[in-house]
Amino acid sequence: SMLNAVNAYGRQKVEAERIIKRRANSIIIRPTVVLGVRPDPSIGRANPIEQMLAGQRKQVSDRFFSVSFAPDVAACIWAAATAKNPHRIIHAGTPFRTSRYKIACDLGLDVEPVSHDSFIGIAARPYDTTYRDGEYRSGYMDGLTACRAAWEAREAVAA
C-alpha cells in the first residue's frame, strides 16, 4: 500500500496528505521521480538524469517507479490549479515501470546495474512506486531526448 511508508520522509508525506485531504478544494499531486536539467547547475542538487549524463556509472536496477519530466509536472500543477473541478489526487508520471538503470540504458549510456542496498547509508526506498493510472504529457523517449538536449545546451554554454 502507498500508505506503508518505509522511512521518515515517506511518513511525513503520508501525514501531509492526511492534513490536506481534510481541507476543501485540496489537490494532491504525486510525482515519483521527476527528471529534468537545472538551467543553473549551481542552484540545488543534481537531478538523477544530470548525474547519469555526467557519467555516474552505477545505477540502481532494483527499485522501480513511474517517471515524469519537470515541464510535464509543472503543466500538471498549472492545470490542476486552474481547473474548475480538479481531481483530489493526481498521479504525475508514466503508467509503466522503469528504473534508474533502465533510464540510463535508454539514454545509451555505459552504466553498471547495482542494487539500491549497495549504497551504504542511503535511505530505505519502496521497491515499486509505479502508477497504473499516471497522468503524463511527454512520451518517455521524447522526455529523455529533451533532457539530453537541455543538458548538452547547458554544457555548451559552460564550456
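1. A pocket, as used in this note, is an open set of points on a 1 Å grid over the protein atoms alone, with protein on both sides within 12 Å along at least five of seven lines; a cavity is a set of points where a 1.4 Å probe fits but cannot get out, and lining residues have an atom within 4 Å of a point. Grid points are joined across faces, edges and corners, and a volume is the space filled by probe spheres set on the points. The largest pocket has a volume of about 1500 Å³.

2. The model is predicted: local features need pLDDT of at least 70 and side-chain atom pairs count only at pLDDT 80 or more, whereas totals for chains, interfaces and linings use all residues. Residues are numbered from 1 along each chain as its sequence is written, and side-chain values use heavy atoms, with hydrogens and water left out.

3. The largest pocket is lined by 43 residues, and Tyr 9, Lys 13, Thr 32, Arg 125 and Pro 126 are those nearest its centre. Helices (H or I, at least four residues) and strands (E, at least two) are DSSP runs, numbered from the N terminus. At least two lining residues come from each of H1, S1, S2, H2, strand S3 (58–60) and strand S8 (128–129). H1 provides the largest share of this lining, five residues.

4. Helix H1 (residues 8–21) comprises 14 residues and reaches 20 Å from its first C-alpha to its last, close to the 20 Å expected at 1.5 Å a residue; the expected span is 1.5 Å times one less than the number of residues. Its buried residues are Gly 10, Val 14 and Glu 17. They cover an arc of only 65° around the axis, which puts them on the same side of H1; the arc is that of the directions from the helix axis to the C-beta atoms. Buried means under 20% relative accessible area, exposed over 50%, and partly exposed in between (1.4 Å probe, protein chains only). The buried residues of H1 pack against strand S1 (28–31), where contact means heavy atoms within 4.5 Å. The exposed residues Tyr 9 and Gln 12 are carried on the face of H1 turned away from its buried side.

5. Helix H3 (residues 70–82) has 13 residues, which should span 18 Å at 1.5 Å a residue; its end C-alpha atoms are 18 Å apart, in agreement. Asp 72, Val 73, Cys 76 and Ala 80 are the buried residues of H3. Seen down the axis of H3, these residues fall within an arc of 100°, so they line one face of the helix. They pack against S1, S2, S5 and strand S6 (89–92). On the other side of H3, Pro 71, Trp 78 and Ala 81 are exposed.

6. A nonpolar core is a set of buried Ala, Val, Leu, Ile, Met, Phe, Trp, Tyr and Cys residues joined through side-chain atoms within 4.5 Å. The largest such core has 17 residues, of which Leu 35, Ile 49, Val 67, Ile 103, Leu 107, Leu 144 and Cys 147 touch the most other members. Strand S2 (33–35), helix H2 (48–53), strand S5 (67–69), helix H4 (100–106) and helix H5 (140–158) each supply at least two residues of this core. H5 gives the largest share, four residues. Beyond residues up to four places away in sequence, Ile 49 touches Leu 35, Gly 36, Val 37, Leu 107, Leu 144 and Cys 147.

7. Ser 68 is found in strand S5 and is buried, with a relative accessible area of 4%. Not counting residues up to four places away in sequence, Ser 68 touches Pro 31, Val 33, Val 34, Leu 35, Val 73, Ala 92 and Gly 93.

8. There is one cavity of 30 Å³ or more. The largest cavity has a volume of about 60 Å³ and is lined by 13 residues, of which Ser 68, Asp 72, Gly 93, Glu 135 and Tyr 136 lie nearest its centre. S5 and H3 are the elements that give two or more residues to this lining.

9. Arg 63 lies in the loop between S3 and strand S4 (64–65) and is buried at 14% relative accessible area. The C-alpha atoms of Arg 63 and His 116 are separated by 6.9 Å, although these residues are 53 residues apart along the chain.
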